[in-house]
Amino acid sequence: MIELFPDQSALVPSLRDALRRVRCALLVAPCGFGKTILFSWMAAEVAKREKRILILVHRDFLVDQVVAALESWGVRPGVIAAGRGPLPHRTVQVASVWTLTRRLDKVGTFDFIIADEAHHCADGNSW
């Protein structure tokens with residue numbers, strides 16, 4: 001079974017506290033830190049409480065990378081991306097932003113949203 005590294009585990013209490021207080025948090029860490037593994041673990045933990053989770057990515061190769069990370073935690077996500085069949089009953093969904101924008105009327109609502117490459121969410125940026 002996969003486990004978080006100590007540096008990743010050390011961030012969990014701060015992230016939980018931030019989410020409790022302001023319901024929105026931004027994790028900034030260097031390349032190689034394991035942000036994808038960390039947010040995949042978080043999604044797996046939230047999914048245990050039967051909450052719907054959406055993970056947004058901006059490139060097709062990132063869809064596959066995130067799916068693999070989620071599967072390492074025992075989560076089988078649905079994928080919202082071009083050429084992929086929908087699996088809307090799955091608790092966790094990994095979405096290509098560009099495909100999601102064309103399917104917003106079909107995906108429902110989510111309890112927890114994770115944006116990979118969050119700099120795209122800035123005002124005036126691509127998302």
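1. Ground rules. The model is predicted, with local features needing pLDDT of at least 70 and side-chain atom pairs counting only at pLDDT 80 or more, while totals for chains, interfaces and linings use all residues. Residues are numbered from 1 along each chain as its sequence is written, and side-chain values use heavy atoms, leaving out hydrogens and water.

2. The sheet. Four strands form an open sheet in the order β2-β3-β1-β4, with parallel pairing. β2 (78-80) and β4 sit at the edges with a single partner strand each, so one side of each has no neighbour in the sheet. On average, neighbouring strands here are turned by 20° against each other, direction ignored. Strands are DSSP runs of E with at least two residues, helices are runs of H or I with at least four, and both are numbered from the N terminus. Two strands count as paired if DSSP finds at least two bridges between them.

3. The helix on the sheet. Helix α4 (residues 97-107) packs on this sheet and touches β1, β2 and β3 (92-96), and its direction makes about 130° with that of β3. Contact means heavy atoms within 4.5 Å. For the angles, axes are lines fitted to C-alpha atoms (for helices, over the stretch in contact), and values run from 0 to 180 degrees between N-to-C directions.

4. A look at β4. β1 and β4 pair in the parallel sense over four bridges. I55 has I114 as its bridge partner in β4, and L56 stands opposite A115 in β4. Buried means under 20% relative accessible area, exposed means over 50%, and partly exposed is in between (1.4 Å probe, protein chains only).

5. Most residues other than glycine have a negative phi. R23, though not a glycine, has a positive phi of about 60°; R23 lies in the loop between α1 (6-22) and α2 (35-47) and counts as exposed at 68% relative accessibility. E50 is not a glycine either and has a positive phi of about 60°. E50 is found in the loop between α2 and β1 (53-57), and E50 is exposed at 71% relative accessibility.

6. Cysteines. How many disulfides does the rule give? The count comes to zero, taking a disulfide as a pair of cysteine sulfur atoms within 2.5 Å. C24 is exposed at 57% relative accessibility, and C31 is exposed with a relative accessible area of 80%.
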